[in-house]
Amino acid sequence: MGKVYVFDHPLIQHKLSYIRDKSTGTKEFRELVDEVSMLMAYEITREMPLKEIEIETPVMTCKTSVIAGKKVGLVPILRAGLGMVDGMVKLIPAAKVGHVGLYRDPETLEPIEYYVKLPSDINERELIVIDPMLATGGSAVAAVTALKNRGAKNMKLMCLIAAPEGIEKFHQVHPDIDIYVAAVDEKLDEHGYIVPGLGDAGDRLYGTK
């Protein structure tokens, strides 16, 4: 079964508090999400393998380490996932970015795929699927299923906050994929919102209602 990693770094928790605050405006909310995403990128890449190379400093030749292994791909779930991409790209500038667009069917409430655009070599990349909220889990399940259907083999899911119900549903369908979050909240309410949560991440990022 996949694991859940909670990033409890003080800077992440501090900034997440202001992201949750309903008095935080769109501009500041966007900046905070960008900053937290960058800090989470730092944490999620902790296990990346290194290889030794030889370089020449102004003083002498020496052996040092650079990142080895799989190439990275970032896949935000549209639209809210876009708000987390720039922060991650600042730390992983060589990462390629794909996109998965989903909308919820008003009748069945199931996520429907409407747009998928991915790097051609996703089967060779370690993909980080990005969405601020893991609420019911429906969108994350559908996005990862879409990626697996297109040949992706190595994935992680990264969210700001998650509900226990979403974690459970996601791991029922995708038990092979680990989840990385800044917080696991209490529950979902009757409307499918995370409690205490932060409201609708997309609306708060883009100033819509």
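## Report on a predicted protein model

Among contacts in the protein between residues at least 6 apart in sequence, 64% join residues at least 24 apart. The model described here is predicted.

The secondary structure comes to six helices and 13 strands. With 209 residues, a compact globule would have a radius of gyration near 17 Å, and the protein, at 18 Å, agrees with this. The C-alpha trace spans about 65 × 40 × 30 Å along its principal axes. Of the 209 residues, 45% count as buried. The accessible surface comes to about 11200 Å², and carbon and sulfur atoms account for 53% of this surface. As for charge, the protein has 25 positive and 30 negative side chains, and the centres of the two sets lie 4 Å apart.

### Pairing of strands

| Strand pair | Direction | Bridges |
|---|---|---|
| S4 (residues 71-78) and S6 (residues 99-104) | parallel | two bridges |
| S6 and S7 (residues 111-117) | antiparallel | six bridges |
| S8 (residues 125-130) and S10 | parallel | five bridges |
| S9 (residues 133-134) and S10 | parallel | two bridges |

Strand S6 takes part in two of these pairings, with S4 as a parallel partner and S7 as an antiparallel partner. Ile77 has Val100 in S6 as its bridge partner, while the bridge partner of His99 is Lys117 in S7. S6 and S7 also form a hairpin, with six residues between them. In the turn of this hairpin, Leu109 has a positive phi of about 65°.

Strand S10 covers residues 154-162. Is this strand mostly covered or mostly uncovered? It is mostly covered, since eight of its nine residues are buried. S10 runs parallel to S8, to which five bridges join it, and Leu127 stands opposite Met155 in S10. S10 also runs parallel to S9, to which two bridges join it; here Met133 stands opposite Ile161 in S10.

In general, the side chains of a regular strand alternate between the two faces of the sheet.

Arg125 has its place in strand S8. Is Arg125 buried or exposed? Its relative accessible area is 5%, which is under the 20% limit, and therefore Arg125 is buried. Beyond residues up to four places away in sequence, Arg125 touches Lys71, Val72, Gly73, Ala94, Lys96, Pro119 and Asn154. The C-alpha atoms of Arg125 and Met88, which are 37 residues apart along the chain, are separated by 16 Å.

Val33 has its place in helix H2, which covers residues 26-44. Its relative accessible area is 1%, so Val33 too is buried. Which residues are in contact with Val33, leaving aside its neighbours within four places in sequence? They are Ile19, Gly83, Met84, Leu160 and Leu205. One of these contacts, Leu160, lies 127 residues from Val33 along the chain, and the C-alpha atoms of Val33 and Leu160 are separated by 8.5 Å.

Methods. Residues are numbered from 1 along each chain as its sequence is written. This is a predicted model: local features need pLDDT of at least 70, side-chain atom pairs count only at pLDDT 80 or more; totals for chains, interfaces and linings use all residues. Side-chain values use heavy atoms; hydrogens and water are left out. Two strands pair if DSSP finds at least two bridges between them. Helices (H or I, at least four residues) and strands (E, at least two) are DSSP runs, numbered from the N terminus. The radius of gyration is taken over C-alpha atoms; the globule rule is 2.2 Å times the number of residues to the power 0.38. Buried means under 20% relative accessible area, exposed over 50%, partly exposed in between (1.4 Å probe, protein chains only). Contact means heavy atoms within 4.5 Å. Accessible areas come from the Shrake-Rupley method with a 1.4 Å probe; for residues, only the protein chains shown count as cover. Lys and Arg count as positive and Asp and Glu as negative; His and the chain ends are not counted. The place of a charge is taken as NZ of Lys, CZ of Arg, CG of Asp or CD of Glu.
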